Amino acid sequence: MPPEFTVIVPVYRVEPYLRQCVDSILAQTYDAFELILVDDGSPDGCPAICDGYAKSDGRVRVIHKENGGLADARHAGLKQASGQYICFVDSDDWVSPDWLETMKRHIDGNRRPDMLVFGLVWVYPDGPVSHPLTLPDGFYDKARLEAEVYPRMLYDRSKPFLEKIIQGHICAKITKRQLLMDHFANEPRITAMEDDAMAYECLYFADSICACDGEFYFYRQHSQSIMGRYHADAIENTAAILDYMTEHLARYSDDLRLQVNAYMVFWTIRDIADEFRAGHSLREAAGNVRRQMRASGLSSKLRFEGLPMYIRAFVLLLKLRLYGTAVLLTRSRMSQEDLQ
């Protein structure tokens with residue numbers, strides 16, 4: 001009989017954190033799961049650590065592969081998974097001991113939903129910050145999803161720009177294997193945040209979900225994490241995500257098209273703000289933005305519809321190729337907008 005859960009952990013250059021991650025999974029109070037460690041060509045001691053866990057615990061399997069990036073490693077694990085539900089855990093993060101036991105209880109008590117969503121804790125060097133799920137807990141069938149979730153899934157117009165009803169992190173979701181296989185975002189052009197693209201796509205195609213009260217996932221923030229590093233191609237990556245989400249999600253309704261556009265405008269602002277977080281001068285930041293905008297064509301893909309007036313002004317600056325002014329506007333608002 002296949003296990004209820006498969007936990008997939010992509011592994012690459014996380015030797016200082018890997019044992020805490022794996023130990024937290026193996027210490028679960030519910031033990032009917034398999035753990036797949038995907039060594040994505042890690043050049044440090046991680047491959048040996050993975051093999052050691054496989055030798056000592058029969059629930060652990062290891063896949064060794066050439067480096068292909070986070071999405072490719074997740075996909076490799078998914079193809080080998082046998083569990084009914086798939087859980088992704090990043091190898092520098094960890095989970096609470098009752099994580100799977102709580103999820104199992106929600107599965108059995110809520111007609112085996114296609115997805116479970118829950119809160120998480122962002123762990124910074126100076127302390128943790130709770131990010132509870134903003135969706136009220138409970139069971140959502142398709143009718144309730146269409147009425148209460150999809151109209152504000154990526155962009156809740158009743159709140160300040162931009163507060164989503166559900167965060168995109170795939171690690172804060174547990175998904176039926178077949179749904180994830182049908183909607184896995186294995187797009188080579190996307191080098192980061194592919195989990196947002198497939199998380200929202202899976203949510204849209206799910207027939208039911210269960211929103212679970214509580215934070216069960218601990219998301220470590222450090223300078224070497226994907227979210228903590230500066231990415232010189234961030235705007236080009238945002239353009240690739242916009243193309244993907246336009247094809248796989250936005251085309252299903254005008255409202256989703258507006259939401260996806262707002263979501264990608266938000267990330268474009270974040271990309272520019274990251275220039276200053278990386279310590280770049282105004283001139284350097286403007287030059288980097290100009291180069292990436294020209295390479296990606298992102299400014300021509302963004303739309304004005306449905307955006308607050310000051311955000312429309314930002315998009316207009318990009319369309320007019322006034323990149324220095326757009327960068328200056330972003331820097332001036334960084335202390336006011338929730339860009340951290």
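Which residues are buried in helix H13 (residues 323–333)?

## Helix H13

In this predicted model, the buried residues of H13 are Tyr-323, Ala-326, Val-327 and Thr-330. They lie on the same side of H13, because they cover an arc of only 100° around the axis. The arc is taken from the directions between the helix axis and the C-beta atoms. Buried means under 20% relative accessible area, exposed over 50%, and partly exposed in between (1.4 Å probe, protein chains only). Helices (H or I, at least four residues) and strands (E, at least two) are DSSP runs, numbered from the N terminus.

The buried residues of H13 pack against helices H9 (254–277), H10 (282–296), H11 (298–301) and H12 (309–319). Contact means heavy atoms within 4.5 Å.

## Two arginines with positive phi

Most residues other than glycine have a negative phi. Arg-13 has a positive phi, near 50°; Arg-13 sits in the loop between strand S1 (5–11) and helix H1 (15–26) and is exposed, at 56% relative accessible area. Arg-321, in the loop between H12 and H13, has a positive phi near 65° and is exposed at 64%.

## Confidence and basis

The chain has a mean pLDDT (the predictor's confidence in each residue, from 0 to 100) of 93, and 96% of its residues reach 70 or more. Over residues 336–340 pLDDT stays under 50, and the model has 11 contacts for them beyond four places in sequence.

Local features need pLDDT of at least 70 and side-chain atom pairs 80 or more, while totals for chains, interfaces and linings use all residues. Residues are numbered from 1 along each chain as its sequence is written, and side-chain values use heavy atoms, leaving out hydrogens and water.
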